[in-house]
Amino acid sequence: MHWDLAHRSRDASESTPATVEAPDSWAAVEQLRAVIPADHLVLYVRRHISR
């Protein structure tokens with residue numbers, strides 16, 4: 001399953017989107033946290049819908 005996420009630093013006004021393949025949303029967040037800087041926040045996670 002693919003997940004759309006976004007992250008940013010605490011002082012940034014714009015976010016950076018990301019797409020992750022993971023079995024559930026928690027695993028998607030963990031995968032993203034493994035590759036983003038430690039001071040970044042995960043703003044949202046939603047299931048990717050293919051069109």
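Two residues are in contact when they have heavy atoms within 4.5 Å of each other. Keep that in mind as you click along.

**Before you start.** This is a predicted model, in which local features need pLDDT of at least 70 and side-chain atom pairs count only at pLDDT 80 or more, while totals for chains, interfaces and linings use all residues. Residues are numbered from 1 along each chain as its sequence is written, and side-chain values use heavy atoms, with hydrogens and water left out.

**Stop 1: the whole chain.** Show the cartoon and look for one helix and three strands (DSSP runs numbered from the N terminus: helices are H or I with at least four residues, strands are E with at least two). Following the sequence, you will pass them in the order β-β-α-β. Turn the model around: the C-alpha atoms fill a box of roughly 30 × 20 × 10 Å along the principal axes.

**Stop 2: W3.** Select W3 and display what surrounds it. Leaving aside neighbours within four places in sequence, W3 is in contact with A18, T19, V20, A22, P23, D24, S25, A28, V45, R46, R47 and H48.

**Stop 3: the core.** Which residues make up the largest nonpolar core? Select W3, L5, A18, V20, A22, A27, A28, V29, L32 and I36, the 10 residues of this core. Such a core is a set of buried Ala, Val, Leu, Ile, Met, Phe, Trp, Tyr and Cys residues joined through side-chain atoms within 4.5 Å. Buried means under 20% relative accessible area, exposed means over 50%, and partly exposed lies in between, using a 1.4 Å probe and protein chains only. Now colour β1 (2-9), β2 (16-21) and α1 (25-35), the elements that each give two or more residues to the core. The largest share, four residues, comes from α1. In soluble globular proteins, nonpolar side chains tend to be buried together.

**Stop 4: V42.** Next, pick V42 in strand β3 (residues 40-47). Beyond its neighbours within four places in sequence, V42 touches L5, A6, H7, V29, L32, R33 and I36, all by the contact rule.

**Stop 5: R10.** Is R10 buried or exposed? R10 counts as exposed because its relative accessibility is 65%. You will find R10 in the loop between β1 and β2. Leaving aside neighbours within four places in sequence, R10 is in contact with D39 and L41.
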